[in-house]
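Colleague: Could you take a close look at one part of this model for me, the salt bridges, and then show me how they sit within the rest of the chain? I'd be glad of a connected walk-through.

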Amino acid sequence: MTPARDDARRDARRISASLTDPRVIDPRQELVRHDDLSEEELAQIVRLLAAMREWRDADQRLSFESRTHMKLNETDMRALRYIIASMNADVPVTAGALSDHLHISTASTTKLLDRLERAGHVVRRPHPTDRRAVTVEITPETHREVRRTMGLQHARRFEVVRSLSPQDRDTVTRFLRDLSETTLASVPAVGSGDPETAAQDSDPDSAAASDARRG
């Protein structure tokens, strides 16, 4: 490898590691003021933002690997988690309840359940009290697989949170809620029902292609 190529790779790694540093992404302070911070304060903020990015990347990687292994998309996984939670609470899962939870149409929910049933992930059964309705249950095999992947990861997160002091938990909770409100305020169109986005999310091939493009 030539010296020039070595320098280019070092520069690329340096930029990749600095994507949360306002001195790099906003040097003229057009969006973020940071000249009123000490170097120590700024470095601490950048470390926290970098840690958040690392966690998000790791979480997305785990989700992608789990969905790829089970040949599911994100909406499928959300549906399975909801079904498991409902079954654990002894609450029958209807297509209507699933539609409300996922914020998708009845027709899209029917297609989703048809796909999950064909793949052996769920079964439909008669509703115990309503003859006009059916309930949805997850199959034992898929239940075990979801618990092995996403369930185990949630348990590990629980242990991390439990290790914090009560005061630290309150601080982190306020921080994450404030962050969520800021994110939603910045992107008001999130979840507005873009037909193309909805179509991609309900199609496993489109969802896998989208994940591949994101890396």
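Modeller: Happy to! Let's begin with glutamate 159, which forms a salt bridge with arginine 162, their closest N and O atoms being 2.9 Å apart. Please keep in mind that this is a predicted model. Both residues belong to helix H7, and because they are three residues apart there, about one helical turn separates them. Glutamate 159 has a relative accessibility of 41%, so it counts as partly exposed.

Helix H7 itself covers residues 140–162 and bends by about 40° at arginine 147. Its buried residues are Thr142, Glu145, Val146, Thr149 and Met150.

The structure holds 10 salt bridges, and a few others are worth a visit. As a reminder, side chains of opposite charge can pair when their charged atoms come close. Arginine 115 forms a salt bridge with aspartate 76, with 2.7 Å between the closest N and O atoms. Arginine 115 lies in helix H6 (residues 106–118) and aspartate 76 in helix H4 (residues 74–88), so this pair ties together parts that are 39 residues apart in sequence. Both arginine 115 and aspartate 76 are buried.

Another bridge joins the side chains of arginine 81 and glutamate 74, at 3.5 Å from N to O. Here arginine 81 counts as partly exposed because its relative accessibility is 33%, and glutamate 74 is partly exposed too, with a relative accessible area of 27%.

There is also a network of salt bridges that links Asp114, Glu117 and Arg124. Arg124 leads us on to strand S2 (residues 134–138), where threonine 135 has its place: leaving out residues up to four places away in sequence, threonine 135 touches Arg124, along with others including Pro92, Val93 and His127.

For contrast, here is a nonpolar part of the surface. Leu48, Val172, Phe175, Leu176 and Leu179 make a patch of about 380 Å², and helix H8 (residues 166–186) gives the most to this patch, with four residues. Leucine 176 is in helix H8 and counts as partly exposed, since its relative accessibility is 46%.

Finally, the whole chain: it has 10 helices and two strands, in the order α-α-α-α-α-α-β-β-α-α-α-α from the N terminus. Buried residues make up 22% of its 215 residues. The accessible surface of the protein chain comes to about 15,500 Å², and 54% of that belongs to carbon and sulfur atoms.

Key
Residues numbered from 1 in each chain as written. Predicted model: local features only at pLDDT ≥ 70, side-chain atom pairs only at ≥ 80, totals over all residues. Heavy atoms only, no water. Contact = heavy atoms within 4.5 Å. Patch = residues over 30% accessible without salt bridge, like charges linked within 9 Å, V, L, I, M, F, W, Y side chains within 5 Å. Areas by Shrake-Rupley, 256 points an atom, 1.4 Å probe, with all protein chains shown as cover. Salt bridge = Lys/Arg side-chain N within 4 Å of Asp/Glu carboxyl O. Buried < 20%, exposed > 50% of the residue type's maximum accessible area, 1.4 Å probe, protein only. Bend = angle between axes of the 7 residues up to and from the residue.
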